Structure formats: C-alpha cells, structure tokens
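Here are some friendly notes to read with the model open beside you. Take the points in order, and look up each residue as it comes along.

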Amino acid sequence: MKKRVFRILSVLAVLAWMLLIFGFSAQSGEESGGLSAIVAKPIASLIAAWQQTDVTDELYQQVDNAVRTAAHFGEYAILGGLLLVLLQHFGQTIRWLPWLIGTAYAVLDEWHQAYTPGRFSDPADVLIDTFGVLCGVQLTHWLIKIWRKKHVHYS
C-alpha cells in the first residue's frame, strides 16, 4: 500500500512539474520578461550599488540572461530528480533513462515555445535544460544513496 502511494505521488509530482514548465513556456515574451525582471532588477541594483554606479542596460541584460539561464537549469534539474525517483519507484534503475526523458521534454518545450507570441526557440536552452536534468538526476541519485546508507536496518 505504501509503495503504491509513493508511486502515485511520484507520477503526480512529475506531471505537475512538467505542467509548470509548460506554463512558463506558454507565457508571452512580455509576461516572461516581467517574471524574470522580478529577480533580475534587484540583483542588478545590488551589483550596481556594490560597484558604486548606476544600473545600465548592459548590466541588466547580463543579469537577466543569468537569471533566465539559472531558471532553465533549475527547473530541469528538479525535473531530472523527480523523474529518477519516479522511475525507481517502478523498479527502473537505469540512470540515463530519466535524463533521456527530461531531454526529450526540453526539446518539446523549446518547440512549443517557438509558437508562443513574443518567444523563440533556442537550441542553447535545450543544452542548458539537458545539463540541468543530468545534474538533477546525479544529485538525486547521491542523496538517495546517502539516505539509504543512513536508514539501513541491520538484523
């Protein structure tokens, strides 16, 4: 019973996360830019204050690009970890499979984004997403390994 609940929760977590990613990609260029600006503007202001200068368009663009790159990497790292957990609950132990599924989803996501107003598809984003999935899978694998070592019950 417990195993079945974990399987259902794992499936729901992966689907919910994929829907979240899809939702971000479905945002118009203006909506997406506004969302990244919430994070990028304060960071650019902090950097400018630290350098004792004003926020320039160039500085803001650099920070905004870094924020967007980190967001791509992070959302796909989480997807990679969730996919690994899901597949392990179904007895699949091949670590490249969640990477392959996550990468396929990244390709589909960029294709979808190409048809979203004000957005475009960028192959570099697929590479960032793929690396995120790979790192998420590996980090989750290590965390599971550590957790299992600490929770092994000796008879």
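Which residues are buried in α5? Keep that question in mind; point 3 comes back to it.

1. **Ground rules.** This is a predicted model, in which local features need pLDDT of at least 70 and side-chain atom pairs count only at pLDDT 80 or more, while totals for chains, interfaces and linings use all residues. Residues are numbered from 1 along each chain as its sequence is written, and side-chain values use heavy atoms, with hydrogens and water left out.

2. **The overall picture.** The chain has 5 helices and 0 strands, and its elements read α-α-α-α-α from the N terminus on. The chain has a radius of gyration of 19 Å, well over the 15 Å that the globule rule gives for 155 residues, so the chain is more spread out than a compact globule. (That radius is taken over C-alpha atoms, and the globule rule is 2.2 Å times the number of residues to the power 0.38.) Along the principal axes, the C-alpha trace spans about 65 × 40 × 25 Å. As for the names, helices (H or I, at least four residues) and strands (E, at least two) are DSSP runs, numbered from the N terminus.

3. **Helix α5, and the opening question.** The buried residues of α5 are Asp125, Val126, Asp129, Thr130, Gly132, Val133, Gly136, Val137, Thr140, His141 and Ile144. Here buried means under 20% relative accessible area, exposed means over 50%, and partly exposed is in between (1.4 Å probe, protein chains only). Their cover includes α3 and α4 (96-114). The expected span is 1.5 Å times one less than the number of residues.

4. Leaving aside neighbours within four places in sequence, His141 is in contact with Leu84 and Arg95, where contact means heavy atoms within 4.5 Å. Trp142 also lies in α5, but with 49% relative accessibility Trp142 counts as partly exposed.

5. **Helix α2.** This helix takes in residues 29-50, 22 residues, and reaches 30 Å from its first C-alpha to its last, close to the expected 32 Å. A kink of about 40° is centred on Ala37; the bend at a residue is the angle between axes fitted to the seven residues ending there and the seven starting there. Ser32, Ser36, Ala37, Ala40, Ala44 and Ala48 are buried in α2, and the buried residues of this helix pack against α3 (57-89).

6. Glu30 is part of α2 and counts as exposed, at 73% relative accessibility. Glu30 and Arg119 are 89 residues apart along the chain, yet 8.8 Å separates their C-alpha atoms.

7. Which residue has a positive phi although it is not a glycine? That is Gln52, with a phi of about 55°. Gln52 belongs to the loop between α2 and α3, and its 74% relative accessibility makes it exposed.

8. **The salt bridge.** The structure holds 1 salt bridge, meaning a side-chain nitrogen of Lys or Arg within 4 Å of a carboxyl oxygen of Asp or Glu. The partners are Arg68 and Asp64, whose closest N and O atoms are 3.2 Å apart. Side chains of opposite charge can pair when their charged atoms come close. The two residues are 4 apart in helix α3, so about one helical turn separates Arg68 and Asp64. Arg68 is partly exposed at 28% relative accessibility, while Asp64 is buried, with a relative accessible area of 7%.

9. Among contacts with a separation of 6 or more, 71% are between residues 24 or more positions apart. Buried residues account for 32% of the 155 residues.
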